[in-house]
Amino acid sequence: MSHLGPYKGSVSVAYVLIKLGFKNIYISSKNKLLSAGFQTQPTYSPVATKSKAFKISLQPDLSIEKDEILALLKQKKFLLCIDVRPDKVQPEAVIGTQTCKKISWRSFFNEDLQIKAEAKNLIASFSKTDRIVLMGEAGLASAGAMLALRELGFEKAVLFEGGYSGLRALSDSLLNTK
């Protein structure tokens, strides 16, 4: 079972929309939207509109590809990473020879999926110019954390879409746990 709970869909949809090139995509909880006046049922009759088709423009800078991460690890190049899985899910991970900083993805958000003010303290040791690889178990949790880091100005934050399970499938010898 996913540790994202009811937010799994919100994070997944937001990440996919941003990856496809949509701008100004945000995530929020249902309760936050309802308290802001959003209705669950439309209060108007739908109107047929003639709109232009959206042109997909993939945003490759949101993720690190498997070939690149494998090359970095095989060359023992420095890889700045954050393990966003909850502590109870997995112990701290070591990728290659490097320990990933452990920060649960939920540490970045409050119950309404708004970025916590104290989230900046969690990443104070990082520079906004650093390329930070976020790693979850399968990629969904890291998508949420990546969106938070980018919102906080870390424009080079990326995720490995397959997460630790995808990395294990590529090479068990490069992934260890403490």
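Helices are DSSP runs of H or I with at least four residues, strands are runs of E with at least two, and both are numbered from the N terminus. This is a predicted model: local features need pLDDT of at least 70, side-chain atom pairs count only at pLDDT 80 or more, and totals for chains, interfaces and linings use all residues. Residues are numbered from 1 along each chain as its sequence is written, and side-chain values use heavy atoms, with hydrogens and water left out.

**View 1. The fold has six helices and seven strands.** Along the sequence, the pattern reads α-α-α-β-β-β-β-α-β-α-β-α-β. The protein has 178 residues, and 40% of them count as buried. Buried means under 20% relative accessible area, exposed means over 50%, and partly exposed lies in between (1.4 Å probe, protein chains only).

View 2. A pocket is an open set of points on a 1 Å grid over the protein atoms alone, where a 1.4 Å probe fits and protein lies on both sides within 12 Å along at least five of seven lines; lining residues have an atom within 4 Å of a point. The largest pocket holds about 570 Å³ of space. Its volume is the space filled by probe spheres set on the points, which are joined across faces, edges and corners. The lining counts 21 residues, with Ile18, Ile25, Leu147, Arg150 and Glu151 nearest the centre. Helices α1 (8–19) and α5 (140–151) each supply at least two lining residues. The biggest share comes from α5, with five residues. By type, the lining splits into 13 nonpolar, three polar and five charged residues. Here Ala, Val, Leu, Ile, Met, Phe, Trp, Tyr, Cys and Pro count as nonpolar, Asp, Glu, Lys and Arg as charged, and the others, Gly among them, as polar.

**View 3. Four residues share one salt-bridge network: Asp83, Arg85, Lys102 and Glu137.** A salt bridge puts a side-chain nitrogen of Lys or Arg within 4 Å of a carboxyl oxygen of Asp or Glu. The structure holds six of them. Asp83 pairs with Arg85 at 2.9 Å, N to O. Asp83 is buried because its relative accessibility is 0%. Arg85 also has a relative accessible area of 0%, so Arg85 is buried. Asp83 pairs with Lys102 as well, at 3.4 Å, N to O. Asp83 lies in strand β1 (residues 81–83) and Lys102 in strand β4 (residues 101–102), so this pair ties together parts 19 residues apart in sequence. Arg85 meets Glu137 at 3.0 Å, N to O. Arg85 sits in the loop between β1 and β2 (93–95), Glu137 in the loop between β5 (133–135) and α5, so this pair ties together parts 52 residues apart in sequence. Both Arg85 and Glu137 are buried.

View 4. Phe22 is in the loop between α1 and α2 (30–35). Phe22 counts as partly exposed because its relative accessibility is 31%.

**View 5. Asn24 and Leu113 have positive phi values.** Phi of Asn24 is near 55°. Asn24 lies in the loop between α1 and α2 and is exposed, at 64% relative accessibility. Phi of Leu113 is about 60°. Leu113 lies in the loop between β4 and α4 (119–122) and is buried, at 2%.
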